[in-house]
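Take a look at the model below. We will walk through one chain, then turn to its partner.

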Amino acid sequence: MTAVVAWIFMAGMSHPHASHTEITPAGMSHAHTSHTHASHTGIILGRGHGQGTLGTVAMVIAMMLPLTLANVRHLSLSSLWRRRHRAIAAFLVGYLAVWIVVQTVIVGGTWGLLVPLIGWETAAGIAMVTAALWEVSPIKRQRLRRCHRTVPLAPRGWRADADCAHYGVTTGFSCVTMCWALMVTATAFFHSFLVMSVLFGVQLSGRYQQRPSPGLASLAVLGVCLLSFAALLPHH
Amino acid sequence: MFERRDVWELSEEDPWHEIIWWYARAVTAMQGRDGTDFSDPTSWRYLAAIHGISIPRRSWPRGVTWRECQHNSWFFLPWHRIYLHYFESVVRRTIVALGGPGDWALPYWDYSDPRRPDVRKLPPAFREPRMSSGDPLDPPVNPLFVSERRTTPFNINQGDEIPPELDFALDTATAFGQRFFSRLTVDLDPSPEEELFARGFGGPRTGWNWAGGMPGVLEVVPHNWVHGIVGGWMSDPTTAARDPIFWLHHANLDRLWEAWLALGDPSDPDNREFRNPSTARWRNMWFKVGGGASTVTLRVREVLDTTQPPLNYRYSNIAVPSVPTPAPVAVLAASADQGPQEFFPEKVGASEDRVPLETTATEVEIAIGAPSGPALRERGEGAQPRRVYLKVENVRGKEPAAAGYLVYVNLPPGAEPATDPTTYKDRRVGQITMFGVLQASEPDGEHSGNGLTFSYDITDVYKRLQEAGEWDPERLQVALVPVLPGAAQGGDVSVGQVSLFYT
């Protein structure tokens with residue numbers, strides 16, 4: 001439910017710019033290019049609109065929280081009944097803390113460092129190619145396995161809380177090593193609703209499909225990013 | 001139609017019966033194709049590597065499909081059937097190329113027949129360092145002999161029988177007592193209770209190489225135990241298939257699958273007892289085995305009838321002695337609603353720390369709390385639980401101190417079941433086997449480093465102990481007793497948690 005709210009929020013963030021282009025890469029219209037860069041940089045870096053942190057948190061919740069359903073289920077079934085909500089909360093605090101810090105660094109690195117240095121087209125192109133290659137790399141397949149990790153949790157007391165929070169942090173780090181390239185790409189493409197949706201689908205299929213197809217995932221990443229490029233570049 | 005025959009029946013005719021002799025010739029020829037990198041898909045080491053190999057993935061030759069074995073999985077039986085089919089085809093082609101019979105088929109080793117004590121020994125042809133058939137074409141060394149096999153407390157290569165105290169490890173009765181392939185009831189989506197605790201004959205619902213999956217009953221007994229009993233290469237999935245007896249062991253498991261299916265009632269197609277899963281998720285799963293021109297890609301549904309192409313084989317005998325009449329699963333209290341109903345297992349107690357698995361028995365105490373969730377709502381305060389489960393999870397480590405462990409609850413003070421595993425059977429609730437523990441513990445491995453997980457329905461034992469006044473509702477003693485402990489102290493395998501659930 002929280003993730004759904006976050007998606008609605010992210011869609012809302014994309015919406016004001018959507019009318020300028022056929023697809024919905026938020027705010028890359030010809031007339032507003034410089035403004036858009038400024039406003040997005042503002043949003044992302046926490047300046048200007050005052051939504052920076054909120055946007056980052058919403059992005060993390062929308063994209064990452066649904067990937068923890070199996071972990072949350074493990075927590076729920078592995079905890080004493082009266083402690084299960086507390087266990088899930090402790091896990092999510094650890095998990096989201098990792099991702100919010102990492103996403104803040106991704107946003108800052110992309111828009112504060114990379115784009116001013118090499119330009120948006122090059123930065124987005126690098127992000128796209130890196131994400132596509134990452135999807136088919138054996139290391140990604142290896143990292144994905146760590147996300148399925150379950151751990152014994154102390155049944156009661158402060159150790160139970162600590163175990164759950166620690167499980168959240170380690171799962172968060174595993175998730176970062178699996179999804180970092182997709183999150184950089186989503187950020188480089190302005191958190192466009194379309195790009196985010198496709199990349200989210202790629203993440204979900206990697207996490208939950210019986211036998212994920214890395215080639216298909218890579219093509220999906222390339223496809224949606226090239227579509228965005230095609231829509232954006234003539235105006236740029 | 002090819003016929004897979006009992007290796008002990010062949011051995012009684014002639015220890016070097018032509019089926020066994022041609023197998024040895026083919027193994028020698030296939031070992032000759034190994035080369036330095038095992039990249040020939042018809043070489044012995046390539047075939048073994050399909051099951052498992054310890055060489056890191058980055059050092060593999062390009063395009064090989066290695067380390068694919070399905071354990072603790074819904075696909076344990078069908079994957080191994082396809083693997084055996086590929087292996088048998090390669091061996092048969094090799095035999096034909098050597099001038100042997102074109103109808104050669106893989107024999108099976110049925111070690112569980114109590115009427116024939118000899119079958120508890122390794123067949124003679126697998127025990128002799130040198131071939132003694134007298135044929136001038138005999139290879140200089142016997143490729144069926146593997147010196148690494150178990151030597152203590154019994155020497156399997158010396159022809160020692162698997163001792164009677166290990167009857168439990170060969171007994172197929174528990175597996176044949178399972179009425180369903182992977183579930184307690186019907187073929188719908190699994191409830192949490194079934195997902196977590198109902199292992200069935202063939203294994204619970206899982207995906208491909210699923211993390212944290214549990215073995216089906218047949219996978220533990222006799223499969224895992226026989227791997228541990230033969231020992232040496234057989235005790236580790238990355239080397240197991242290098243031992244020529246591996247293939248005869250798995251042919252027997254494949255035969256037991258056929259025997260279990262034969263218990264079904266063909267006149268009642270709606271009855272899901274003793275039937276394969278009907279769901280498309282299971283039937284449409286595909287596996288690619290082998291390499292080059294001989295690659296085999298098959299879906300599960302294509303290998304369910306062994307008498308049809310592409311398999312075209314049957315077993316000489318699928319009669320299984322002492323098949324018990326399957327008893328209904330014990331339920332302590334009937335549900336108020338007798339219709340289809342899901343029961344959510346509620347954890348009521350768990351061990352606080354990791355429990356080491358050593359060469360001596362380990363005891364762990366679990367503090368049990370009164371149920372406060374679904375188990376309470378379902379039954380009411382103070383009422384008996386409907387079912388009681390014990391779960392042993394996150395069994396991790398690199399070096400097991402024993403081939404496995406027997407799990408007991410509430411042993412009387414001073415009890416020492418390690419000296420004779422046949423004692424205290426009424427308090428034995430399950431078994432832990434070490435086959436594959438190293439691979440399941442690797443964080444980047446197929447099982448995500450979750451280790452092995454086992455669960456046991458202990459409702460019957462709970463009921464007996466309660467009636468005898470030996471069940472403490474606040475405390476449970478669990479003893480983990482080693483089977484075939486190593487000679488030296490040590491080992492680093494431990495249990496992450498032992499926990500108790502009520503529904």
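This is a predicted model. Start with chain B, which is divided into domain 1 (2–315) and domain 2 (346–502). The centres of these two domains of chain B, taken over C-alpha atoms, are 29 Å apart. Each side brings residues to the contact: 24 from domain 1 of chain B and 24 from domain 2 of chain B.

Look at the domain 1 side of that contact. Helix 7 and helix 8 of chain B each supply at least two residues there. Helix 8 of chain B gives the largest share, 7 residues. By class, this side of domain 1 of chain B has 10 nonpolar, 11 polar and 3 charged residues.

Now follow helix 8 of chain B itself. It covers residues 217–230. Of its 14 residues, 13 are buried, so the helix is mostly covered. How far apart are its end C-alpha atoms? They are 20 Å apart, which agrees with the 20 Å that 14 residues should span at 1.5 Å a residue. Helix 8 of chain B also bends, by about 30° at B:His223. Just after this helix, B:Gly231 takes a positive phi of about 75°.

Turn next to the partner chain. In chain B, 26 residues are in contact with 19 residues of chain A. Four elements of chain B each supply at least two residues to this side: helix 7 (192–197), strand 5 (346–350), strand 8 (388–396) and strand 13 (494–502). Strand 5 of chain B gives the most, with 4 residues. By class, the side of chain B that touches chain A has 6 nonpolar, 13 polar and 7 charged residues.

How values were computed
Residues are numbered from 1 along each chain as its sequence is written. Chains are lettered from A and ligands numbered from 1 in the order in which they are written. This is a predicted model: local features need pLDDT of at least 70, side-chain atom pairs count only at pLDDT 80 or more; totals for chains, interfaces and linings use all residues. Two residues are in contact if their C-beta atoms, placed from the backbone, lie within 7 Å. Ala, Val, Leu, Ile, Met, Phe, Trp, Tyr, Cys and Pro count as nonpolar, Asp, Glu, Lys and Arg as charged, and the others, Gly among them, as polar. The expected span of a helix is 1.5 Å times one less than its number of residues. The bend at a residue is the angle between axes fitted to the seven residues ending there and the seven starting there. A residue is buried if 20 or more other C-beta atoms lie within 10 Å of its own, exposed if 12 or fewer, and partly exposed in between; C-beta atoms are placed from the backbone. Domain bounds come from an automatic or database domain assignment.
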